[in-house]
Amino acid sequence: MDKIDDAKAEAEEFLKSLLNKNLRVYTTDGRLFIGTFKCTDTHSNIVLSLAYEYRQPSQQKLAEAAAASAESGKSTVAADMPSRYLGLVVIPGHHIVKMEVEEFASQAKRRSVFERRDIYGGT
C-alpha cells in the first residue's frame, strides 16, 4: 500500500507543480489548445484559462501554401493555423493526446538539472 500512496502523492505533487503554467494540449481531432492550467478532475478533464484554439489549415490553404512555396523555390511549406480566443475552456480527458508545458529557455535555465524531472527522471 505504501507504494500506491507514494505514487499518488508524487502524481498530486506533479499536478500541483503545473498549476498556473502555460500548457499546450493536443486533441484527437488535431486541434491545439494553449492556455493556463487551472485544474483537473478524476476523469482527466482539464481546465485552461486565457485559452486559444488552433486548428489545422484546410486542404485548400495547404495547397495554396505548397504552390507559393514551389513558386519561390523553397523546399518547405509553411501554412498558418487558424486560431480563436476561447477564454475558459474544459477539455475532456478522453480527447487529450498530448500535453506539453510551454516554457521559455530562460525559465528552464533558472531551475537546476535535478528539478528537470521531465527530462532526467527523478525519485
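## The nonpolar core

In this predicted model, the largest nonpolar core is made of ten residues. Here they are: Leu 18, Leu 23, Val 25, Phe 33, Phe 37, Ile 46, Leu 48, Ala 51, Val 89 and Ile 91. The largest share belongs to β3, with three residues. As a bit of background, nonpolar side chains in soluble globular proteins tend to be buried together.

Take Ala 51, one of the core residues. Skip its neighbours within four places in sequence, and Ala 51 is in contact with Ile 34, Gly 35, Arg 84, Tyr 85, Leu 86, Gly 87 and Val 89.

## The sheet

Five strands line up as an open sheet, and if you walk across it you meet them in the order β4-β3-β2-β1-β5, with antiparallel pairing. At the edges stand β4 and β5 (96–101); each has a single partner strand, so one side of each is left without a neighbour in the sheet. On average, neighbouring strands are turned by 30° against each other, ignoring direction.

Now zoom in on β2 and β3: this antiparallel pair is joined over seven bridges. Phe 37 has Leu 48 in β3 as its bridge partner, and both residues also belong to the core.

## The helix and what follows

Helix α1 covers residues 2–18, which is 17 residues. From its first C-alpha to its last, α1 reaches 24 Å, close to the 24 Å expected at 1.5 Å a residue. Just after α1 comes Asn 20, with a positive phi of about 65°.

How values were computed. Residues numbered from 1 in each chain as written. Predicted model: local features only at pLDDT ≥ 70, side-chain atom pairs only at ≥ 80, totals over all residues. Heavy atoms only, no water. Core = buried A, V, L, I, M, F, W, Y, C linked by side-chain atoms within 4.5 Å. Buried < 20%, exposed > 50% of the residue type's maximum accessible area, 1.4 Å probe, protein only. Helix = DSSP H or I, 4+ residues; strand = E, 2+ residues; numbered from the N terminus. Contact = heavy atoms within 4.5 Å. Pairing = 2+ DSSP bridges. Axes fitted to C-alpha atoms, helices over the stretch in contact; angles between N-to-C directions. Expected span 1.5 Å × (residues − 1).
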